[in-house]
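Subject: Structure for you to look at, with notes

Dear colleague,

I am handing over the structure that I have been going through, and my notes follow below it. Please keep it open beside the text as you read.

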Amino acid sequence: MTESKTGGEHGATHLCSGSSGTRSASVRRLTAAADAPYTGVPTDIYWMEMAIKEALRAGEDVPVGCVIVKDGKVLSSGHNEKENSQDPTDHAEIIAIRKASIILKSWRLENTTIYTTLEPCPMCAEAIMQTRISRLVFGAYDIQSGAVGSKFNLFIPGRPYPVPQVTGGVLQEQCQDLLVNFFRQRRK
Ligand SMILES: [Zn+2]
């Protein structure tokens, strides 16, 4: 079914259903497991607003945006470009990670925080872990494809990589609305 495939890509068509309480709890557990202090709502909101602006540049693509921050500055940003590039790996997070790696001349993105408007899919969650990003902050939960607790959980202890700190649900409503409005428009 085409609809579920689209939703699966970035889950947007089903974001409003499900029990957000359970999903939030899952992420909180991850955060606690990583012994991660919550580093401040105002800062997170500031950067998430920037990620939302990035999402709005996605054009024909599903509006997901992302910024990577290091030492209080934007290192890179990205939005979905899969339709534009016809490259199935061109999700916002992968694009931002590629750019950041070029800028730092290293695949290691330690001491960075990635802000993304939607809970990462398995491909992006794995990339976030592989690159050693220290912290992940996301907006909307993705019950169809979210790989940080909603559908899957790749950030489990016992893997040979450090588990990033996770904070979910920052500007959740605005991030969801982006997607809901996009799919509503597309159905017209
Ligand atoms: Zn992804």
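Lys151 is found in the loop between S4 and strand S5 (165-167), where helices (H or I, at least four residues) and strands (E, at least two) are DSSP runs, numbered from the N terminus. Please bear in mind that this is a predicted model, in which local features need pLDDT of at least 70 and side-chain atom pairs count only at pLDDT 80 or more, while totals for chains, interfaces and linings use all residues. Residues are numbered from 1 along each chain as its sequence is written.

Lys151 counts as partly exposed because it has 19 C-beta neighbours inside 10 Å; a residue is buried if 20 or more other C-beta atoms lie within 10 Å of its own, exposed if 12 or fewer, and partly exposed in between, with C-beta atoms placed from the backbone. Not counting residues up to four places away in sequence, Lys151 touches Asp142, Ile143, Gln144, Ser145 and Gly146, contact being defined as C-beta atoms, placed from the backbone, that lie within 7 Å. From Lys151 to Pro122 the separation is 29 residues in sequence and 9.4 Å in space, C-alpha to C-alpha.

As for the chain, it has 7 helices and 5 strands, and along the sequence they follow the pattern α-α-α-β-β-α-α-β-α-β-β-α. Of its 188 residues, 48% count as buried, and among contacts between residues at least 6 apart in sequence, 62% join residues at least 24 apart.

In soluble globular proteins, nonpolar side chains tend to be buried together. Here the largest nonpolar core has 46 residues, and those with the most contacts inside it are Ala96 and Tyr115; such a core is a set of buried Ala, Val, Leu, Ile, Met, Phe, Trp, Tyr and Cys residues joined through C-beta atoms within 7 Å. The elements that give two or more residues to this core include helix H3 (41-55), strand S1 (65-70) and strand S3 (112-118), but the largest share, 6 residues, comes from H5. Leaving aside neighbours within four places in sequence, Tyr115 is in contact with Trp47, Met48, Ala51, Cys66, Val67, Val69 and Val137.

Helix H5 (residues 92-104) packs against helix H6 (residues 122-130) at an angle of about 25°, with their axes 9 Å apart. The axes are lines fitted to C-alpha atoms, for helices over the stretch in contact, and angles run from 0 to 180 degrees between N-to-C directions. H5 and H6 are therefore roughly parallel to each other, the class used for angles under 35 degrees, whereas those over 145 count as roughly antiparallel, 65 to 115 as roughly perpendicular and the rest as oblique. In this pair, Glu93, Ile94 and Ile97 of H5 meet Cys124, Ala127 and Ile128 of H6.

The buried residues of H6 are Cys124, Ala125, Ala127, Ile128 and Met129, and what covers them includes H5, S3 and S4.

With best wishes

Terms used
Two residues are in contact if their C-beta atoms, placed from the backbone, lie within 7 Å.
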